[in-house]
Amino acid sequence: LPPAEAEALVQALQGTELRDIGGKGWLRQHEYVEKLNMHGILSASAGQEQLLTELLVTHAKIPVLIGDLISVEIWKHKVFPVLCRLEDFKPRSTFPIYVVLHHEASIINLLETVFFYKEICESAEDSILDLIDYCHRKLTLLAARSTKAQAVTSAELRAEGLASPSSMQADPVPPQELQKQAETMEFEISLKALSVLRFITDQVESLPLSALTRMLNTHNLPCLLVELVEHCPWSCWEAGKLKKFENGTWHVVPPEDQVKMTKLDGQVWLALLNLLLSPECQRKYRFDGFNKSQLLKLRAFLTDVLIDQLPNLVEMQRFLSYLAVTEPAPPKKDLILEQVPIIQDHILKKNSGKWEAIAKYQVKHAFSPTEEELKFQARRWAQTYSLDMMEALAPDKPRCRVCGVEAAKRCSRCRNEWYCTRACQVQHWQKHKPACNLMA
């Protein structure tokens with residue numbers, strides 16, 4: 001994006017009411033977030049994300065993004081289930097609902113890109129407490145998935161069933177299917193929240209005192225991170241092969257790379273280093289019998305191979321050896337007025353008991369577009385998700401919509417679907433035709 005356009009998009013970001021989610025004004029906000037998200041990813045890959053960071057700090061938009069993130073999270077848990085249960089809700093297209101579900105992923109991805117910088121963390125001000133609570137909720141879900149019975153497998157994360165601009169077919173995806181997609185999306189959102197939390201812990205020295213108390217004692221994040229190290233929900237065994245989740249997909253790991261640390265493993269260990277080795281954190285954390293026994297589980301994972309990949313873990317090894325033979329002093333009790341997060345509580349109190357009314361209002365005003373409105377919005381989506389931009393973001397070459405092999409041809413009308421041969425394109429035409437007419 002040109003600097004002037006990026007600044008205009010950042011300035012246009014604003015908070016929205018829960019009942020307005022999915023409406024025309026909210027969709028414009030989603031477009032702004034999506035464009036900034038894609039701009040942030042491309043800028044970060046070129047090492048030029050400083051402009052976006054400065055704009056978000058200058059215009060004080062980080063609290064706005066955090067508020068929007070929590071608002072969509074509440075909508076997903078409170079309004080969306082009611083929406084799916086409404087018997088008279090039979091939308092022409094379910095993609096507008098999918099856009100709302102995807103909005104949470106877009107915001108957390110944008111925050112992951114910019115929270116690397118100290119000034120972003122500081123500009124969050126009091127809303128950092130709400131973001132810490134949000135990350136804790138996501139990490140708790142991630143830890144709950146880590147048992148074998150609940151592990152997310154590669155089969156569950158196939159993209160074929162997801163709603164997309166090209167899936168606005170005559171037979172739309174039923175709302176119940178969207179619920180399954182939302183659960184699948186939750187996994188990737190939780191992994192992004194892990195990265196955001198790690199960047200927050202990088203700034204423990206400059207965080208408000210209440211933020212440290214919340215991470216260490218209210219939520220006991222060190223023990224939660226130990227659970228993630230122990231069960232590693234981003235890896236699973238399938239048909240005798242180890243698979244790990246990286247860059248949005250599951251990969252089979254060759255035997256020689258099975259001990260190699262992934263980016264997600266590194267995020268957990270770095271967060272633990274920040275929380276356990278900081279003098280201020282050691283002063284405030286309760287090293288009681290339970291917490292101590294949980295932390296000492298980490299010693300089994302601190303192998304020479306792991307330490308070779310992340311040498312800073314030598315300090316962790318020393319700390320745990322010291323912890324095993326000593327009884328740390330109880331935390332010093334400071335007489336303080338502790339801040340508490342307010343964004344989630346405010347939204348919940350304001351809308352308590354109104355979830356069904358909000359769902360019915362949104363069915364009427366947001367999720368039942370006419371044919372003309374759908375065509376107009378499809379053109380807007382096509383502009384937002386520009387093909388050149390999407391291709392620049394895609395880590396892999398495009399795949400044929402029909403058979404999945406690498407594709408070199410695409411639909412000449414809408415330029416949105418890829419095919420390996422003319423035969424595959426002809427085979428898929430009847431399914432693709434309604435979407436093609438909308439997008440072209």
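1. In this predicted model, strands β1 and β2 form a hairpin with two residues between them. A239 lies in the turn and has a positive phi of about 55°. The two strands, β1 at residues 235-238 and β2 at residues 241-246, pair in the antiparallel sense over four bridges. Across this pairing, W237 stands opposite L242 in β2.

2. Strand β2 also pairs with strand β3 (residues 249-252); four bridges join them, and the strands run antiparallel. F245 has W250 in β3 as its bridge partner. The hairpin of β2 and β3 has two residues between the strands, and N247 takes a positive phi near 55°.

3. Among the helices, α7 (residues 127-145) packs with α9 (residues 209-218). The angle is about 10°, and the axes are 9 Å apart. Because angles under 35 degrees count as roughly parallel, α7 is roughly parallel to α9.

4. Which residues make the contact between these helices? From α7 come I128, L129, I132 and D133, and from α9 come S210, A211, R214 and M215. Sorted by class, the contact has five nonpolar, one polar and two charged residues.

5. As for the whole chain, there are 20 helices and five strands. Of the 440 residues, 50% are buried. The chain exposes about 21500 Å², of which carbon and sulfur atoms supply 53%.

6. How much of the contact in the chain with a separation of 6 or more comes from residues 24 or more positions apart? Such residues account for 77% of those contacts.

Methods
Residues are numbered from 1 along each chain as its sequence is written. This is a predicted model: local features need pLDDT of at least 70, side-chain atom pairs count only at pLDDT 80 or more; totals for chains, interfaces and linings use all residues. Side-chain values use heavy atoms; hydrogens and water are left out. Buried means under 20% relative accessible area, exposed over 50%, partly exposed in between (1.4 Å probe, protein chains only). Contact means heavy atoms within 4.5 Å. Accessible areas come from the Shrake-Rupley method with a 1.4 Å probe; for residues, only the protein chains shown count as cover. Axes are lines fitted to C-alpha atoms, for helices over the stretch in contact, and angles run from 0 to 180 degrees between N-to-C directions. Angles under 35 degrees count as roughly parallel, over 145 as roughly antiparallel, 65 to 115 as roughly perpendicular and the rest as oblique. Ala, Val, Leu, Ile, Met, Phe, Trp, Tyr, Cys and Pro count as nonpolar, Asp, Glu, Lys and Arg as charged, and the others, Gly among them, as polar. Two strands pair if DSSP finds at least two bridges between them.
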